[in-house]
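Subject: Structure handover

Dear colleague,

Here is the structure for your files. My notes on it follow below.

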Amino acid sequence: QVQVVESGGGLVQPGGSLRLSCAASGSIFRINVMGWYRQAPGKQRELVATIISGGSTNYGDSVKGRFTISRDNDKNTMYLQMNSLKPEDTAVYYCTAGGLTRNRDRFLVWGQGTQVTVSS
């Protein structure tokens with residue numbers, strides 16, 4: 001079994017910064033891709049950013065230039081540095097990871113989510 005757990009959410013004022021973390025654990029052979037998605041009330045879940053094992057990244061249009069995704073492959077941990085936060089960034093942020101278990105079975109897991117609220 002593989003699990004991911006998010007941390008680092010909270011309340012921040014507009015223009016502020018937050019750093020989210022996502023730690024993967026369990027029977028992991030290799031993580032190929034990790035990513036962040038978010039879902040605001042009444043809206044569909046949307047892509048925030050993804051990062052593959054080689055380091056290539058992809059960002060949603062609404063966060064480009066403000067958010068930075070990174071990962072520590074040795075620790076199976078991913079980060080999301082969020083700067084210049086706006087009220088419209090308020091959402092539950094979900095971590096996801098996909099790869100292979102030690103048995104070479106594919107996995108794709110989601111975390112429980114962490115709330116980010118941007119408000120004055």
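Is R38 buried or exposed? R38 counts as buried because its relative accessible area is 5%, under the 20% cut-off. Please keep in mind that this is a predicted model.

Salt bridges

There are 4 salt bridges in the model. The side chain of R38 meets that of E46 in one of them, at 2.6 Å from N to O. E46 is partly exposed, with a relative accessible area of 33%. R38 also forms a salt bridge with D89, at 2.9 Å from N to O. This pair links distant parts of the chain, 51 residues apart: R38 lies in strand 4 (residues 28-39), and D89 in the loop between strand 8 (77-82) and strand 9 (91-101). D89 is buried, with a relative accessible area of 0%. R38, E46 and D89 belong, together with R66, to a network of salt bridges.

Another salt bridge joins the side chains of D61 and K64, at 3.1 Å from N to O. D61 counts as exposed, at 66% relative accessibility.

Nonpolar core

In soluble globular proteins, nonpolar side chains tend to be buried together. In this model the largest nonpolar core has 31 residues. M34, W36, L80, M82 and Y93 are those with the most contacts inside that core. Leaving aside residues up to four places away in sequence, Y93 touches several residues, among them W36, L80 and M82.

Regards

Methods: Residues numbered from 1 in each chain as written. Predicted model: local features only at pLDDT ≥ 70, side-chain atom pairs only at ≥ 80, totals over all residues. Heavy atoms only, no water. Core = buried A, V, L, I, M, F, W, Y, C linked by side-chain atoms within 4.5 Å. Buried < 20%, exposed > 50% of the residue type's maximum accessible area, 1.4 Å probe, protein only. Contact = heavy atoms within 4.5 Å. Helix = DSSP H or I, 4+ residues; strand = E, 2+ residues; numbered from the N terminus.
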